[in-house]
Amino acid sequence: MRRLTTGLLTLALALGGILWDKPWGVLALALCVLAIGFIEMVHLTGIEDRPRPALAWLALSFLVPLGLRALDLVTLAWAAAFAFFVAGVYGVAVAMRREWASPMAACWLGAPVASVVLAHSQAVQSADFSPNVVLLIVGPLWAGDTLALVVGKLLGRHKIAPAVSPGKTWEGALGGAAGAILAAVGIGMAIGAPIPVSVGAGALATTFGLAGDLLESGLKRATGVKDSGGALPGHGGVLDRLDSLLLSAPVTTGYLLLAAPQLFRNGPWP
């Protein structure tokens with residue numbers, strides 16, 4: 001019951017921010033995620049005694065893209081977000097080595113959250129008000145994760161990476177992929193996205209979502225931590241719930257900006 005209650009409250013907050021026709025809802029949620037997620041990230045990477053460099057990377061990866069967007073430098077904003085995103089993924093990989101701890105890993109949190117805020121701010125300015133495009137970034141992940149859990153429990157036999165994440169199975173992953181693509185097509189039809197574009201968004205979301213899940217699981221295994229934190233009762237920490245989003249959000253958002261710029265007021269190029 002506690003897990004269900006937490007999940008429903010979190011979903012309500014997320015939907016409220018996404019569907020509000022002002023950027024402040026998503027921005028407020030983003031700041032909360034950054035604050036809690038940063039504490040978890042510092043703990044996971046073992047840099048409790050030297051968090052300042054990581055905090056600097058987090059601030060840069062989040063604020064630089066938003067600052068460039070505020071100046072209407074849309075191309076540079078997205079380029080910066082992707083550059084910091086790549087740096088963050090590299091930082092997480094480095095942090096998995098017990099003798100290393102990379103402050104750049106904080107970009108793995110800051111840049112993806114900035115990507116969602118950027119996508120929402122772009123969509124809010126659409127003439128026909130379509131922040132719902134953000135649902136095409138996060139919705140397939142929610143649906144895919146749910147169906148992957150159900151199918152994995154019922155039919156899961158073949159493990160994907162038992163040394164990293166014992167619960168993940170190929171059967172569950174395929175069920176999650178089907179759920180993500182179907183959800184993406186449904187959301188795409190509702191907001192006017194072409195079906196091929198929606199299928200691509202769903203496929204990217206589920207592929208990179210699974211990779212993000214395994215990446216965070218690998219980091220937890222390397223540092224001997226079961227959950228990233230306890231901020232979400234019954235679910236663990238913020239990073240435990242957002243691990244799939246952190247890897248898929250920048251990729252899916254960039255894809256949508258290039259493949260369907262009509263969903264935004266501005267495309268990727270000013």
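## Helix packing and aromatic pairs

Proline 51 counts as partly exposed, its relative accessible area being 27%. The model described here is a predicted one. Within this model, proline 51 is placed in the loop between α2 and α3. Apart from its neighbours within four places in sequence, proline 51 is in contact with Phe38 and Val42. From C-alpha to C-alpha, proline 51 lies 9.8 Å from methionine 41, and the two are ten residues apart in sequence.

The axes of helix α2 (residues 24-45) and α3 come within 11 Å and cross at roughly 165°. Because angles over 145 degrees count as roughly antiparallel, α2 is roughly antiparallel to α3. The crossing in which α2 passes α3 is right-handed. On the side of α2, the residues that meet α3 are Leu27, Ala30, Leu31, Leu34 and Phe38, and their partners in α3 are Ala54, Leu55, Leu58, Phe62 and Leu66. Sorted by class, this contact of α2 with α3 holds ten nonpolar residues, no polar residues and no charged residues.

Helix α4 (residues 74-95) and helix α5 (residues 107-124) have axes that come within 7 Å and cross at roughly 155°. The two helices, α4 and α5, are therefore roughly antiparallel to each other. Their crossing, that of α4 and α5, is left-handed. From α4, the contact takes in Val74, Ala77, Trp78, Ala81, Phe84, Phe85, Gly88, Val89 and Val92, while α5 contributes Cys107, Trp108, Ala111, Pro112, Ser115, Leu118, Ala119 and Gln122. By class, the contact of α4 with α5 has 14 nonpolar residues, three polar residues and no charged residues.

Aromatic rings are considered next. A pair of aromatic rings is described by the distance of the centres and the angle of the planes. The count of aromatic pairs comes to two. In one of them, the rings of tryptophan 57 and phenylalanine 84 have centres 6.4 Å apart and planes at 75°, so the pair is edge-to-face. Tryptophan 57 belongs to helix α3 (residues 52-70) and phenylalanine 84 to helix α4, so this pair ties together parts that are 27 residues apart in sequence. Phenylalanine 82 and phenylalanine 85 also form an edge-to-face aromatic pair, at 6.4 Å centre to centre with 85° between the planes. Both of these residues, phenylalanine 82 and phenylalanine 85, lie in helix α4, three residues apart, which is about one turn of the helix.

The table lists the accessibility of the residues in these pairs.

| Residue | Relative accessible area | Class |
|---|---|---|
| Tryptophan 57 | 29% | partly exposed |
| Phenylalanine 84 | 15% | buried |
| Phenylalanine 82 | 27% | partly exposed |
| Phenylalanine 85 | 8% | buried |

Which helix holds aspartate 213? Aspartate 213 lies in helix α8 (residues 195-223). With a relative accessibility of 15%, aspartate 213 counts as buried, because buried means under 20% relative accessible area. Leaving aside neighbours within four places in sequence, aspartate 213 is in contact with Lys168, Asp243 and Ser244.

Technical notes: Residues numbered from 1 in each chain as written. Predicted model: local features only at pLDDT ≥ 70, side-chain atom pairs only at ≥ 80, totals over all residues. Heavy atoms only, no water. Axes fitted to C-alpha atoms, helices over the stretch in contact; angles between N-to-C directions. Helix = DSSP H or I, 4+ residues; strand = E, 2+ residues; numbered from the N terminus. Parallel < 35°, antiparallel > 145°, perpendicular 65-115°, else oblique. Left-handed = near helix turned anticlockwise from the far one by under 90°. Contact = heavy atoms within 4.5 Å. Nonpolar A, V, L, I, M, F, W, Y, C, P; charged D, E, K, R; others polar. Phe/Tyr/Trp six-rings, centres within 6.5 Å; stacked < 30°, edge-to-face > 60°. Buried < 20%, exposed > 50% of the residue type's maximum accessible area, 1.4 Å probe, protein only.
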